[in-house]
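Thanks for coming. I will take one structure today and go through it piece by piece. Please have the viewer open.

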Amino acid sequence: MNIYDIIGPVMVGPSSSHTAGAVRIGLLSRKLMDENIIKADIFLHGSFYATGKGHGTDLALVAGLLGMKEDDDRIPSSFHIAEELELQYSFSGIILRDVHPNSALLKLTGISGKYMEIIGSSLGGGRIMINQIDGLNVNFSGNYPTLIVHNIDEPGHIADVTAMLSHKSINIAQMQLYRDGRGGNAVMVIECDQEVPYESVKWLEKVEGVVKVSYLSLLD
Amino acid sequence: MFKSLSDIIKRIKKTGLPFWEIILEDDSYERQVPKEESWAKMKSLYHEMKLADASYDKNLRSASNLAGGDGAKVSEALEKGEILSGPFMGEVIAKALKMAESNACMKRIVAAPTGGSCGVIPAVLITCEEKLRFSEDKMIEAMFVAAGIGQVIAERAFISGAEGGCQAEIGSASSMAAGAISYLKGGDGNKIIHAAALALKSMLGSTCDPVAGLVEIPCIKRNVMGAVNAVACADMACAGIISRIPPDEVIDAMRETGLALPDSLRETGKGGLAQTKTGKEIKNSIWS
């Protein structure tokens, strides 16, 4: 941990895990959607469900979905702002399998009709992990520019993606591969040292066999 | 990145630089940023602390409706001259309560090292600046001292209640604050780390048993204990008292103690104050 993990972050209270971490889960989900969200069905698991209300976890998740960061003074009034910006939200409890006690499942619909299901966990001190996207396991922290490619499990797609990154002089920090079965749905999660250009992300979407591309940029 | 407080003292002896500058240099190297950038960041965090202190609103109440307004009561008693420990300590008590209450009421604070312990360091530092008239640069230097101590504690032990109990949160904050005050009082590297050790030692074994799982009971008032303890320990260290157990060994003892704490006393709400008759009643009334 660096000294600014010790003093900092600047955050809206009360809890770095239940409040600041929850804002970050919402914000990362908003960035992964890459468009305004009009509907969010939010399912709280474990300690998020048990004590989330008193910690403002619900307000924090909605604030993040609206694009707010953990130090935004408007977090306590996020429900009101959601109404103004026409974001419909609902909360329920859920028991998720094999996740951290502070976790949430977010079912999100964007303004273009885009739909995503994201499971995120708050690990403490405001640090978080995205665990699942659209039913497939992923594991990334959001500390790096992250490219998530859903594709059909067949030869060549990893080469397509890594060739593009190489061409753009982007170094891969971490790479993970998952699939639900041979020849089924696969996902690659690539955490990069540099930002991936917008047009390259758009180009990937058109590659045959690629089902969906999500990109998490660290730029505002 | 320093793995021990004694390594920091060795570096001070080798370079002749003050404690705070060693930490600043190390951060600049670790994160590969110019020293000016690190300094500016620490300055902005100190400003955020002062802003949070100044924005206290005595009329706010937390989600449970149980927290809020207590800091103002101490300020009132202070104005009437009714605080036995005097104007300095009285202000420390008021400020610690106010910051922790602001946190519970979803106001903006600086985690130091956590949200639950955010009142300790600003309570002592801002009071020192107000009462003893230090320059702002001196205050930023004290922040680096606190951060350096906290980093070693996080490296050797932990800074979250879920891992190590309250001693890891308020105890660490108190230790960091004690070192910072010693620096402000003119203490050298050894006085800084012995103040930190004395403060942490005094809080070993404290548990994390918040009522209804909220960062309210007993967290808010524990911030006062951490702050007052820091002032007393800095005074002791600067008077020439040392910790008979070396500072790094005290941090190791905090880790061992934390690991030995039962699960029920590490932020699970399953023991201690959370499981008292009233604690359970409060929980039921909030979550029903």
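Predicted model: local features only at pLDDT ≥ 70, side-chain atom pairs only at ≥ 80, totals over all residues.

Chain A puts in 27 residues and chain B puts in 36 residues. On the side of chain A that touches chain B, the elements giving two or more residues are helix H1 (3-6), strand E1 (10-12) and helix H3 (46-55). H3(A) gives the most, with 5 residues. By residue type, that side of chain A divides into 13 nonpolar, 11 polar and 3 charged.

Next, chain A by itself. The chain is divided into domain 1, residues 3-133, and domain 2, residues 146-216. Between the C-alpha centres of these two domains the distance is 26 Å. In secondary structure, chain A has 7 helices and 11 strands. Its radius of gyration is 17 Å, close to the 17 Å that the globule rule gives for 220 residues, so chain A is as compact as a globular protein of that length. Along the principal axes, the C-alpha atoms fill a box of roughly 50 × 40 × 35 Å.

Two percentages for chain A. Of its 220 residues, 45% are buried. Of the contacts between residues at least 6 apart in sequence, 66% join residues at least 24 apart.

Last, one residue in chain B: Asp209(B). Where does Asp209(B) lie? It sits in the loop between helix H10 (189-202) and helix H11 (219-238) of chain B. Is Asp209(B) buried or exposed? Asp209(B) has 25 other C-beta atoms within 10 Å, and the cut-off for buried is 20 or more, so Asp209(B) counts as buried. Leaving out residues up to four places away in sequence, Asp209(B) touches Leu265(B), Gly271(B), Gly272(B), Leu273(B) and Ala274(B). For a distance across the chain, Asp209(B) and Gly69(B) are 140 residues apart in sequence, and their C-alpha atoms are 22 Å apart in space.

Methods:
Residues numbered from 1 in each chain as written. Chains lettered and ligands numbered in written order. Domains from an automatic or database assignment. Helix = DSSP H or I, 4+ residues; strand = E, 2+ residues; numbered from the N terminus. Rg over C-alpha atoms; globule rule 2.2 N^0.38 Å. Buried ≥ 20, exposed ≤ 12 C-beta atoms within 10 Å, placed from the backbone. Contact = placed C-beta atoms within 7 Å. Nonpolar A, V, L, I, M, F, W, Y, C, P; charged D, E, K, R; others polar.
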